[in-house]
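Subject: Structure handover, domain and chain contacts

Hello,

Here is the structure for your files. Please look it over before reading the notes below it.

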Amino acid sequence: MRLILRNLGFYLLAFWASITLNFVLPRFMPGDPVSRMFAQAQGTMQPDQIAQLRKLFGLDNRPLWEQYVSYVKRVFTGDLGISITRFPTPVSDVIGQQIGWTLLLGGVALVIAAVVGNLLGIVAAWRRGGVLDSAFPPLLIFVGSFPYFWLAMGALYLFGVSLGWFPLRHAYDVGLTPGFNGEFLSNVATHLVLPALTIVLVSIGGWMLGMRNTMIATAAEDYITMAEAKGLSPSRIMFRYAARNALLPSVTNFGMALGFVVGGALLTEVVFAYPGIGYQLLMAVQGLDYPLMQGIFLTITAAVLLANFLVDLVYVRLDPRVRVR
Amino acid sequence: MEAVLEVSGLRVEYRGDGRTVVGADDVSFSIGAGEVFGLAGESGCGKSTIANAVMRLLKPPAEITAGSIRFQGRDVLALDARELRAFRWREIAMVFQSAMNSLNPVLTIGEQIVDIFTTHERMKKRAARERAGELLELVGIDPGRLKAYPHQLSGGMRQRVVIAMAVALRPRLLIMDEPTTALDVVVQQEIMAQIRDLQRELGFSILFITHDMSLMVELSDRMGVMYGGRIVELADAKDLFANPLHPYTEALMNAFPPLTGPRRELTGLFDAPRTADSCGFHVRCPEDRSNCSTNIPDLREAAPGRWVARSPEGGPR
Amino acid sequence: MTAIEIATATTPTTPARTSRRRGLLRQLIDSKKALTGLILLALFALLALLSPVLAPGDPSLINSAGSQAPSAAHWLGTTAKGQDVLALTLWGARSSLFVGFTVGLVATAVAIVVGLASAYFGRIVDDALTLVTNIFLLLPGLPLLIILAAFLPPGTSTVILVLVVTGWAGSARVLRAQAKSIRGKDFVAAAVVTGERPLRIMFREILPNMASVVMTTLLGCVIFGIGAQAGLEFLGLGDSSVVSWGTNLYWASNDGALMTGTWWAFVPSGLCIALVAFALALVNYAVDEITNPRLRSRRRARRERRG
């Protein structure tokens, strides 16, 4: 349990660092991005709203530490300011409306890539020199070399525009009203295929190669030889002995991979105009909507940290050796 | 005496990038029912290669290129995958050098013992667990420790668990590859006593592998000394210890000084590696043996039951 | 953090003697994977250097009708605005390769300093640097990139700075693990005892012994740099006046190349990014295989035996 507590402290520290970064950026960056933003906002906003924004970005004359304390307080109460592109919706509401789609896309892609990639890695390591071991890795490295968003563009062009197999944009057809019925869900599923596929394609190679390499290292362990000497069946040795142990580094990588998948999902959303926070982030960048950009950064960071914490909990269950430490 | 295991003319090669290393060369010996046969030699001499060959555990690049292994008349090298799985552990079980490494760190020892029964005897989980508990009791461990993970046990306890696992199916032959090397001397003695007791009780044969000559003589009935992949001396353990015929055997015995008696200088074991045109030991060899320095000669019966790899005194080979 | 350390424990071991480093280079050329990668890289470097000769003039100049399919006059067609795609792609290589390799070199340099300092000084220095490294590793890269880039004045130097800030941590972790294991070796202890200066020990004793790991992390950083630059520019956060593969894709997407079916506007630049990244990955993979022979496929061993 000490591991869990220590890591929890570490995650809180990381979160604090990102809040502080958020606080520091608009106040100390050269080029005064904030005034650019105000110039754009002037037309749509009430004077008191502008005053509030100025406060958020430290343009009031309070001492710095006072600003800092009130900023941290506001973040922890969920007040991330007001979005400029979606004025006057609060940033937290904008994110709340969008994050579900990102979680759906990122979650589905991550789980598929991790499960399939790890399985391929296990089999490749077990059948050294087979097709899976010799032909797949270079192929996957090649596919993984493409930028997420370019693969997304290619998939969209090929399967969407040219062949017309899948819808081109958004998470569901415009006419549909969201609800838990078969029509809507299947519509959502067809919209999910292409974006998820591109993320899976790019990220699966990393999982497979990582698993293959740890499996090869594990296969040389004495306890694998012992299991063989015990006369256990190959499949039992492969899954219960080798893969079970080789999975451990893979689990810790899961937390790390999350950051990459989030990044990939953001860019993929942009290409498919998928209504998640990645697409919203692009809108924010184009509209100089700094509160929204910062809010999205904080939200994603918090989500990634939380996921890492959950992975720690799983890891402790999987590896008895860290349980006692 | 009916032989349980018969190894004859065994040759194992490790084929690397461009060069081939011989792990074992023309190795022949047999083990009778209930007999303890020892294989001694420094690390890298091919002892473990023999053990793994008998269990058919050698993996590429290691390969058996000549010879035969017969277990109770059956040709071990001819077994197919299914027969091999049934053969392993039921007929021959093995205790590996390091119990820490041969137990899976993420499974409880109970799960790892139960595995044996569910695989070989098609037992139900519950019955298998009961048998596992009995096994632990047999080696003097509280059955409550079935739920323990390997890292929660002491080194001696882990090795006992591995020994318990080895006798689980009452195999005819037990291979013990340096079973006590990683343990301190006191625990070593306990484990050796345990092995002797079990052997008396269950009557299996043992292929005992170690570099520690004093341990070997304590346990073995007959023994072979290996050097550079070949057996250089093969005899009754007591005879061999009392009167080693091969200079290498003598050197190996001197490497472990007796606790009592006069102090004597330790002899280094090897100076040069064995290569195609040098036995490697000749540099240190106390005798002038220019006729065998290029290769280790074949075994020759010097007296009934006493075999040694050296040419007859004085005469050319 | 224990979990993190377990994950790094499988880093490949390096040949310990300097004399074997020449061997590494020769082995790289012997390896089919590495050779393919190196040839590809050389080809792209050559194209980037020769772009003023191959496609003279400003590539973003509008000099023909828009959205033309590939033809004899425009081998790769024209963009929606009427620019020559081939010229854009050739010139784009300059910025993309420059930014990628600069980011790779600077980020690796930072990682080396952090890793060596961590390993050499240990204790508090190590704890502090590891903490900072792990925080940077944990913060999601792209969102961090985006807010940094959004607040800084746009330009190539901003892009490089931001990419270095977000890219050094992964390498630092790997290099620290490797440096730590070398720090424990006897010859380093001997150097400490004989009173060599810390800097000398770090850079003359430890660093040369981790050449192959430095190489793999460097290649990894370059791959990251090229990909992340393209991503940033695709989002419109780069300097959109510079011609690079990323801005080419940004404009292609903005001009609706996908919907109008002008595939030639976005395929070449993406393919180039992928080929360069693939070439780097091939070299990387080969270095890994050479220093960690267990990963080599068995097939090869068999073939060699027969020959």
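This is a predicted model: local features need pLDDT of at least 70, side-chain atom pairs count only at pLDDT 80 or more; totals for chains, interfaces and linings use all residues.

Domains of chain A

In the contact between them, domain 1 of chain A takes part with 18 residues and domain 2 of chain A with 15 residues.

On the side of domain 1 of chain A that touches domain 2 of chain A, helix H1 (2-28) and helix H2 (33-41) of chain A are the elements that give two or more residues. H1(A) gives the most, with 11 residues. By residue class, this side of domain 1 has 13 nonpolar residues, four polar and one charged.

Contact between chain A and chain B

Here 18 residues of chain A meet 22 residues of chain B. Three helices of chain A each supply at least two residues to the side that touches chain B: H10 (222-229), H11 (234-272) and H14 (320-324). The largest share is that of H10(A), with six residues. The side of chain A that touches chain B divides into seven nonpolar residues, four polar and seven charged.

To set the two compositions side by side: one charged residue on the side of domain 1 of chain A that touches domain 2 of chain A, and seven charged on the side of chain A that touches chain B.

Regards

Notes
Residues are numbered from 1 along each chain as its sequence is written. Chains are lettered from A and ligands numbered from 1 in the order in which they are written. Two residues are in contact if their C-beta atoms, placed from the backbone, lie within 7 Å. Helices (H or I, at least four residues) and strands (E, at least two) are DSSP runs, numbered from the N terminus. Ala, Val, Leu, Ile, Met, Phe, Trp, Tyr, Cys and Pro count as nonpolar, Asp, Glu, Lys and Arg as charged, and the others, Gly among them, as polar.
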